[in-house]
Amino acid sequence: MANDTQEGKILILATESCAYPGANSVGQAHSSYPTNTYILRVRAPVLFPEHFYMDCFRKGISGIIVMSCGEECPYEGAYHAFAKRIDNVFQLMKKEDLDLRRLRLTAICTVCNRPFLKEVNDMNNLIKELGPPILKGEEAATDTP
Amino acid sequence: MSETKKDESGEEARVGVYICHCGGNISDHVDVEKVAEAVKDIPGVVVSHTDMFMCSDPGQELIQEDINKGNINRVVVASCAPSLHETTFRGAISRANMNPYLYEHANIREQDSWVHHGDPATAKAITLVAAAISKARGLKPLEPIRVDAASHTTVIGGGIAGLRAAVDLARNGIKVALVEKSPFLGGNASQLDRVFPTGEKVADLIEYLTSAVAKDPNITVYTCAELTGFEGYIGNFKVTIKRKAPEDEATQLMLKQVKGAAPGSFHPFVGFYPGDVPAADEEETLTTGVIVFATGFELYEPRQGEFGYGENREVITLRQFIRAMADAPATTETLTIDGRPVRRIAMIHCVGSRQIPGIHEADENDYMNEYCSRTCCTATLQAALEVRDNYPGTQILDYYRDIRTYGHNQEEYYSRASEKNVLFFRYEPEDSPVITKTTGEYPLKVTVVDKLTFNEEVEAGVDLVVLATGMKAKNIDSLVEMMKLPVGADKFLQEVHPKLRPVEMANGGILLAGTCQAPMDINESCNAAQAAAAKAAALLGKGFVELDPFVALVDPDRCEGNGDCIAECPENAISMTPDNKAEVNPALCTGCGMCVAVCSVNGIDVQGWGLKEYENMVDAIVKF
Amino acid sequence: MKVKRDLQFDAIVIGGGIAGLQSALDLGDQGYKVAVVDKDATIGGKMIRLSKVFPTLDCASCITTPKMSSAAHHENITLFTYCTLGALDREKPDQVVAQLRQEPRYVDPEKCIGCRKCEYGCPVYVEDDEQGGFNMRKAIYIPFSNAIPQLPVLDVENCSLCGKCAKVCPTDAIRYDMEPEDFTITAKTAVLATGFELSPMEQKPQYGLAKLQNVVSSMQMERLLAPHGPYNRVLRPSDGKEPDSIAYVQCAGSRDESLGIPYCSRVCCMYAIKQAMLLSGALPLADITIYYMDIRAFGKGYEQFYQNAKAMGIEFVKAKVAKITQGDNQTARLRYEDQEGNGGVMEREHDLVILSLGMVPQWDPAGICSVNCGQDGFIQSILPKIAPTVTNIDGVYTAGVAAGPKDIVDTITEAGAAAMEAANYIKGLT
């Protein structure tokens, strides 16, 4: 039932006003991309606290791409707060010896087909190269997939 | 993962899953029967169906039947993109008397069958549906938030834009408090004579509006008034209006000019005088649903010595020139001003507009006007033509950077000016015209490097220099601070988005009309004012404002009252209750979720889009 | 001809471009029932066809799509696409009557699910005007990916009647025997938001009558720059070469008595600057030159946008281009009088030349509606300063470029103003 777990899973947080319709536009163009990508529609990614990202890695998600509206964010101050949060997550990832490239922040618009495909393919190549995420704190007790 | 979830009614979540073939669009690549089979045993799922077209009436009836039979209380549809049919399915659920927010959509067409093929596409569909199920189980019924809205607006500013907005709102049946700082209505427009491109008297335009204001019982005019208090939110603001006797010298002088005149009359270069100047301070607090800003602009005042201004009485602004022309005899061979014949006039464009860092001088606050003031080119040519038409013995020299006669019927002013022998010189900002005193035939000399004649330096003696000064944002700092209004780098009030929401500020229920937003001419100001009035009418027409239910909600059992969310909220939507729990004002919350991330005890979440639901979805994605 | 229907609304909006949509939304939000009529197969007008928009450089699609979809999903708004207007006039104080014809799509809108199988199956290729004629579409097609409604149109001119589309359609929605259907809409008030066309490229002999290689219109350039454009990058149409030198000829269809278009079209300076900025991103090594008479960057943030373009190295040459001819190696040769520098007649060759075309009215009301137009053909306001949307017909308003050239910001604002007038007209009836 499950996917080929060897290649790992990529979580994509896509904003409902920009990146999520952008992903649909890729679908309308019938452009193929790796299947191990799971797109969650979000209002603004600023909702997610630092631990959400770390929990995802802990649960076994190999890569996360946050596709936001960038500076066109409809919520006041949210984009900057979010950029700061991602910096914090990078700090936590460093502590856990996680490759920082596993978390990627990018702006995708409603018709950004090519940038979307590039981001997804880049991340897929990366997690293939890196393998599953192993957090330093858990290394000793790693008996889960 | 498998603990029983209950909704507020205490009922266990019973999910119905409906998977669409989309006539092959999905089922050609995704084995939909296999998906239905795979998800039917996920905890909470009670039915799992497929249908050729879920969006068709029979497809929708399938869902409604299961609801009516009492089988299900959550719905997951797996089909095309939610932007196409989310509202369709929410509607179908509503019609079966179930809360439409107990619904989740899985996008297995645009984000699966159209981009993936074969077994991996089917596997992904299973995962996406499983994730949707895990979210659906945690959903709670939501109701749109209703806020009572007063059928009342406060319009700040009694210039053309404010008058226009007030008249339209009143005609719509909405009460208006029109608040004007000075004793006069008409604003900056009162300082004009005739308007381009129609040549109408500005007095007629202002009186058209003021007579409508006077006649309409829905409008209360507060002159000599300012907003001194403000609180509340869209639909239900409380504003305090304070009237006091005018004290500043300029206003006293203008009042002197209208002394003895009947109230309700227009006075050229002063304004429309409704009468009624308060002798003592008065204060009133009103409940108002929407506030319209129509505070207008200020004219740029040239610096001492800028193009000789302030140093030579022969250097004046365009506004002063319009005033002087109005007092001059209607037609003579040569224009005379203050008894002096004016044989030749230099008109200089872009004074205090289009300033460039490094070339122009910044003001004492290190600020300069980098924008175009939009109206001065045509206004300058209009004045130039009036001179050429009425005083053929007076020559015009026009010094410009670009002639921006962009508006409807305005290009004619440019072509007619050439026909009427207005002489044009084009300058670059780094080679601006230089004005010097002379003792020769003319009192002043203008020197410029003319780009139209291959950078030749051209000198000309003139009797008068007219500076086409631009528009500046008016200083309304006290209002900006009191109401926390967004201001752009150009110091004008800032709209949410120039195309998506051009007459709204980020503060809900506070609208923009006219030149407080950016330079505009009179018809553009009127359009903006009417657009703002339309927005206000839409907001207030129903008697209540309905807001998205996707707002933050505090879980009082978890909240420890540390106030982190309050500090994070950009909308000031969260406050502390007396028993030290955070509380969200849903009327102010935009549902951005900034508070959710900073709460260390998960005590606040966005309804319908909660962190908890996302965590559940990630669990499902990892598991399936 | 099918049975006539007579539909009742509070307001009818002619034109489903950004002006019409904004008027409809502002009326619908006030609780009025609105019919939006568009002759096109999709709403969205000119704006949805643009690449990005000045001065924010937002993608045009991202700004237009939300308005299109809120109109489409609005409980008070009904869309009538692919409908032509035969007549519109006021008959009573509370009645404007519009005679309309639903042109046949040859697709049953009730059955179609927008899956595009017909389009993929169709074997006929036709030059796609939606993509500036640079690539092909099918003879049955949905105009573009975010069209609303997502309904295909069968192009009878080019259809070979092979039957393939009917065969692959999963819902049996293809109707080769569909006929036009006439109907009327009666409303209390109307907004005319009929928009514009680009000024014709074929009319100026000095600019090659649209026959020169690699001389394209500004709208074609919008498509070349669009994220879902014909080549997915900017190429010279004649040979697919990446252009090294690109020029804009400003006022190519405005401020020109010889074309009968003496007025300024208001947007061409800004869209040329915008395109130049996008080009310098797409082709960092290309030289970009804008030949202009006056740069009219008058709106909020526009002057700063212009100054940024200058700082980016885009060259601005003050000159009216006198003549364009074919140069060597498929270049276009511009001849102009140099007003700066040393003067005299100059010639320069560019790989790709864009004519910054102006705006002319899309709709001629003659014989259809008694609304007054000015000499320039745009609908005239009777109160141009104080109520710019009011026309000579009671309770009939105009908005956007129908009333004269305007940029998107000014159009949207004016559309709101027209909605206010229309709403108050309805209020005044009771």
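Predicted model: local features only at pLDDT ≥ 70, side-chain atom pairs only at ≥ 80, totals over all residues.
Chain C consists of 430 residues, of which 56% count as buried. Its secondary structure comprises eight helices and 25 strands. The radius of gyration of chain C is 23 Å, close to the 22 Å that the globule rule gives for 430 residues, so chain C is as compact as a globular protein of that length. Along the principal axes, a box of roughly 70 × 55 × 35 Å is filled by the C-alpha atoms of chain C.

Chain B was examined in the same terms. It contains 16 helices and 32 strands. For its 624 residues the globule rule gives 25 Å, whereas the radius of gyration of chain B is 33 Å, well over that value, so the chain is more spread out than a compact globule. The C-alpha atoms of chain B fill a box of roughly 100 × 65 × 45 Å, again taken along the principal axes. Of the 624 residues of chain B, 53% count as buried. Where contacts in chain B join residues at least 6 apart in sequence, 71% of them link residues at least 24 apart.

Chain B is divided into four parts: domain 1 (2–143), domain 2 (152–296 + 474–545), domain 3 (306–470) and domain 4 (551–606). The centres of domain 1 and domain 3 of chain B, taken over C-alpha atoms, are separated by 70 Å.

Chain B also touches chain A. The contact takes 35 residues from chain B and 36 residues from chain A. On the side of chain B that touches chain A, at least two residues each are supplied by helix 4 (109–113), helix 5 (118–138), helix 15 (594–598) and helix 16 (611–623) of chain B. Helix 16 of chain B provides the largest share of this side, seven residues. By residue class, the side of chain B that touches chain A divides into 24 nonpolar, seven polar and four charged residues.

Definitions and conventions. Residues numbered from 1 in each chain as written. Chains lettered and ligands numbered in written order. Helix = DSSP H or I, 4+ residues; strand = E, 2+ residues; numbered from the N terminus. Rg over C-alpha atoms; globule rule 2.2 N^0.38 Å. Buried ≥ 20, exposed ≤ 12 C-beta atoms within 10 Å, placed from the backbone. Contact = placed C-beta atoms within 7 Å. Domains from an automatic or database assignment. Nonpolar A, V, L, I, M, F, W, Y, C, P; charged D, E, K, R; others polar.
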